[in-house]
Amino acid sequence: MLFLSIAGTQRGMAYSFAFEGVYYNIVSEDDKTCEVTYMKKGTPNGTTVYQSDYSGVITIPRTANGYKVIGIGEHAFEQWTWTNVNGTYQWVIEDADITAVTVSGRNLSYIGSRAFYGCKALATIELPTTVTSIGMEAFMYCSALKTYDFSNIETIGVGAFAYS
């Protein structure tokens, strides 16, 4: 499994800044680029957990705080959590209610591994033609996702749509 290296992580937060309810990681200060990321990362019992508090319809703008949004990073909207179930810690899909994602702009070029993993209510995703790469397990367990146009995608990771 690949893990995202995060610049500027402070006090358990895994993002550089928030803009209009979405969290972002700066990819390059020189190029003024960023990617969508998750809210925080934790390690209960030594296991890495990514948490997001996203819900409803998510709109990803062309720019955020003056940075071009070039991707949806690894684990950005992942909806799994490490939970104590009857005395045993287990991975459980949270009651996620992300229903749709729209991207307003042509800067976006990739969707990272496990970006939407477990988003079982995600029914619609509208991507610009500039997106050419979808990471491993990016839409795994997205059972409500029925229609999409990924005709411009050049690379699709292993298991990108498994159990969807």
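This is a predicted model: local features need pLDDT of at least 70, side-chain atom pairs count only at pLDDT 80 or more; totals for chains, interfaces and linings use all residues.
The protein chain contains 15 strands and 0 helices. Of its 164 residues, 43% are buried, and the accessible surface of the chain amounts to about 8100 Å², with 48% of this area belonging to carbon and sulfur atoms. When contacts between residues at least 6 apart in sequence are considered, 50% of them join residues that lie at least 24 apart.

Strand β3, which spans residues 33-36, takes part in pairings with both β2 and β8. The pairing of β2 with β3 is antiparallel and is made through 4 bridges, and within it Ile26 has Cys34 of β3 as its bridge partner. The two strands form a hairpin with 4 residues between them, and in this hairpin Lys32 adopts a positive phi near 55°. The pairing of β3 with β8, by contrast, is parallel, and 4 bridges join these strands; here Thr33 is placed opposite Lys68 of β8.

An open sheet is formed by 3 strands, arranged in the order β6-β11-β13 with parallel pairing. Its edges are β6 (56-61) and β13 (124-126), each of which pairs on one side only, and neighbouring strands of the sheet are turned against each other by 10° on average, direction ignored. Strand β11, comprising residues 98-104, is joined to β13 in the parallel sense over 3 bridges, and the bridge partner of Ala100 in β13 is Thr124.

The largest nonpolar core comprises 36 residues, and the members that touch the most other members are Val36, Ile60, Ile72, Phe77, Ile111, Phe116 and Phe139. At least two residues of this core are supplied by each of β2 (22-28), β3, β6, β8 and β11.

Because its relative accessibility is 2%, which falls under the 20% limit, His75 counts as buried. The side chain of His75 makes a polar contact with that of Glu78, at 2.4 Å.

Leaving aside residues up to four places away in sequence, Ala162 touches Phe139, Met140 and Tyr141. Among these residues, Phe139 is also one of the core members that touch the most other members. Tyr141 stands 21 residues away from Ala162 along the chain, and the C-alpha atoms of the two residues are separated by 6.5 Å.

Note on methods: Residues are numbered from 1 along each chain as its sequence is written. Side-chain values use heavy atoms; hydrogens and water are left out. Buried means under 20% relative accessible area, exposed over 50%, partly exposed in between (1.4 Å probe, protein chains only). A polar contact is a pair of N or O atoms within 3.5 Å; within protein, one must be able to donate a hydrogen and the other to accept it, and residues adjacent in sequence count only if both atoms are side-chain atoms. Two strands pair if DSSP finds at least two bridges between them. Axes are lines fitted to C-alpha atoms, for helices over the stretch in contact, and angles run from 0 to 180 degrees between N-to-C directions. Contact means heavy atoms within 4.5 Å. Accessible areas come from the Shrake-Rupley method with a 1.4 Å probe; for residues, only the protein chains shown count as cover. A nonpolar core is a set of buried Ala, Val, Leu, Ile, Met, Phe, Trp, Tyr and Cys residues joined through side-chain atoms within 4.5 Å.
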